[in-house]
Amino acid sequence: MKLLNLPIIAFLFFPLCGHAYIDTEKLKNLQTCVESEEDPEKWHVMGLIYARGKSVPQDDAKAMIWFHKAAEAGYVNAQSVLGYMHYNGRGTIVNGMEASKWFYRAGQQHFQMVLDFAKDEAEAVKWTFEDLADGYADAEADIQSTLAFIYGQGITIHSDRDEAVKWFVKAGHQNLYAPVELQSYYDEAAYDKIDITEGMPLTTIQNQPHYIKERLHKSAIRVFEHFRIR
């Protein structure tokens, strides 16, 4: 049952394209515009711009500032990516406690989205595992995050920290490399048109390997044992 593609994750409106060039002044104007708005989705996109380094010099430290700002405001995709960045030590040191905290917050939101449509937790879990069986979990970050939360919390099943970590990491990777759309934002912000058609297209998640080698840091494992992401 394909229920988890909810509008909340249909945020693909900022394309990080190829090797499009944004000059310093335009980037400054772009950032000033985003900073002046209370829009966590746009803050998250600024994080993606820096984390990918497709339109600007790649800078994980700057990306982390934007991801954290959006995550603190409750933006679920930013929470997932922030967990991934802490887990992998991108823009920060490897921090299992922070990774598990942000993974948990994202998973909790995603599970609640399903629960809002289900009659109870058992049905929400059933639907999620049906999506897994149908193969949707290979490409849908929200399903991956929901699975991780179910495993970590042991909702109607035995908890499994290894599975929880695996699916949380997959979800974070998926959210970090999902295709997004920039052009409409440039138009909205009334900037000069930027030619974003030149250069190689951004590698989208469809080109990423569906298998992510597990990197179960000891610190993260200890957190899941103690915290049980409760």
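What pLDDT does the protein average, and what share of the residues score at least 70?

**View 1. Confidence across the predicted model.** In this predicted model, the protein averages a pLDDT of 76, and 66% of the residues score at least 70. Over residues 2-21 the pLDDT is below 50, although this stretch has 73 contacts in the model beyond near neighbours in sequence. Residues 190-230 likewise stay under 50 in pLDDT, and for them the model has 82 contacts beyond four places in sequence. Where pLDDT is low, the predicted coordinates should not be read in detail.

View 2. Just after H4, Gly89 takes a positive phi of about 70°.

**View 3. Packing of helix H5 (residues 96-115) and helix H7 (residues 141-153).** The two helices pack at an angle of about 105°, and their axes are 8 Å apart. Because angles of 65 to 115 degrees count as roughly perpendicular, H5 is described as roughly perpendicular to H7. From H5, the contact is made by Tyr104, Ala106, Gly107, Gln108, His110, Phe111 and Val114, while H7 contributes Asp142, Ser145, Thr146, Phe149, Ile150 and Gln153. Sorted by class, the contact of H5 with H7 has 6 nonpolar, 6 polar and 1 charged residues.

Methods:
Residues are numbered from 1 along each chain as its sequence is written. This is a predicted model: local features need pLDDT of at least 70, side-chain atom pairs count only at pLDDT 80 or more; totals for chains, interfaces and linings use all residues. Side-chain values use heavy atoms; hydrogens and water are left out. pLDDT is the predictor's confidence in each residue, from 0 to 100. Contact means heavy atoms within 4.5 Å. Helices (H or I, at least four residues) and strands (E, at least two) are DSSP runs, numbered from the N terminus. Axes are lines fitted to C-alpha atoms, for helices over the stretch in contact, and angles run from 0 to 180 degrees between N-to-C directions. Angles under 35 degrees count as roughly parallel, over 145 as roughly antiparallel, 65 to 115 as roughly perpendicular and the rest as oblique. Ala, Val, Leu, Ile, Met, Phe, Trp, Tyr, Cys and Pro count as nonpolar, Asp, Glu, Lys and Arg as charged, and the others, Gly among them, as polar.
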